[in-house]
Amino acid sequence: MSAGGDIEHRDQKTASIVGTSMFHHDTSSWLFQPAPAAEDVLWDNLGLRRWERRIRAIAVAGLFAAACVFYVIPVAAFQSFLIQYSPASLANVNITTPYIGTTFLVAVLPTLALQLLLMIMPPLLDAVSRWRGVVAVSYAHWETVNLYFGFK
């Protein structure tokens, strides 16, 4: 809500009633944080109500938890597969091509997959934090860093 001009009331009781009726029930209009610069503001997110932000925050938390779980399960399964079929666990190790292929699987492929996943995560987390309803680009970057740290 923005004031279009100054209004004078004849007594304190009327001013208190008007002030309470305008701002008492909409607590999302009272944010105690420094105002971002005009080019830093995400203007589409300013019109979101508190309950919309809350629902989006719950959805983001669920999405983040699912991403962590579905990240851990494939990595653990792949690591257990590699440990089970590693060259050290095989009885007859041939020092030719199968050893090089297995070494490639054990040493390079998991690291490559992990690096690709970690390269993809920051833009995805930034988009999710903007969708969540933060009011400034700097807050979106801050939330992206926090989510990325939790994911790593």
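Predicted model: local features only at pLDDT ≥ 70, side-chain atom pairs only at ≥ 80, totals over all residues.

Me: How many helices and strands does the secondary structure come to?
Reply: There are 5 helices and 0 strands. From the N terminus on, the elements run α-α-α-α-α.

Me: How much of the protein chain is buried?
Reply: Buried residues make up 19% of its 152 residues. The cut-off for buried is under 20% relative accessible area.

Me: Which residues make up the largest nonpolar core?
Reply: There are 7 residues: Phe64, Cys68, Leu118, Met121, Leu125, Leu147 and Phe151. H4 gives the most, with 3 residues.

Me: What makes such a set a nonpolar core?
Reply: Its members must be buried, be of the nonpolar kinds, and be joined through side-chain atoms within 4.5 Å. In soluble globular proteins, nonpolar side chains tend to be buried together.

Me: What is Leu118 in contact with, leaving aside its neighbours within four places in sequence?
Reply: Leu118 is in contact with Tyr148, Phe151 and Lys152. Contact here means heavy atoms within 4.5 Å.

Me: How do you know what span is expected of H4?
Reply: H4 has 24 residues, and the expected figure at 1.5 Å a residue is 34 Å. From its first C-alpha to its last, H4 reaches 34 Å, close to that expectation.

Me: Where does H4 have a kink?
Reply: The kink lies at Met121 and is about 30°. Just after H4, Gly133 takes a positive phi of about 115°.

Me: Which residues of H4 are buried?
Reply: Pro110, Leu118, Met121, Leu125, Asp126, Val128 and Ser129 are buried in H4.

Me: Why is Ser129 called buried?
Reply: Ser129 has 0% relative accessibility, and the cut-off is under 20%, so Ser129 counts as buried. Ser129 lies in helix H4. Not counting residues up to four places away in sequence, Ser129 touches Val134, Ala140, Glu143 and Thr144.

Me: What does the side chain of Ser129 reach at 2.9 Å?
Reply: It reaches the backbone oxygen of Asp126. The limit for a polar contact is 3.5 Å, so the 2.9 Å pair falls within it.

Me: Why is Ile55 called exposed?
Reply: Its relative accessible area is 51%, and exposed means over 50%, so Ile55 is exposed. Ile55 is found in helix H2. Ile55 and Arg132 are 77 residues apart in sequence, yet 8.6 Å apart in space, C-alpha to C-alpha.

Me: Why is Leu114 called partly exposed?
Reply: Leu114 has a relative accessible area of 31%, which lies between the 20% and 50% cut-offs, so Leu114 is partly exposed. Leu114 lies in helix H4. Leu114 and Val75 are 39 residues apart in sequence and 8.7 Å apart in space, C-alpha to C-alpha.

Me: Among contacts between residues at least 6 apart in sequence, how many join residues at least 24 apart?
Reply: In the protein chain, 59% of those contacts do.

Methods:
Residues numbered from 1 in each chain as written. Heavy atoms only, no water. Buried < 20%, exposed > 50% of the residue type's maximum accessible area, 1.4 Å probe, protein only. Helix = DSSP H or I, 4+ residues; strand = E, 2+ residues; numbered from the N terminus. Expected span 1.5 Å × (residues − 1). Bend = angle between axes of the 7 residues up to and from the residue. Polar contact = N/O pair within 3.5 Å; in protein donor to acceptor, adjacent residues only side chain to side chain.
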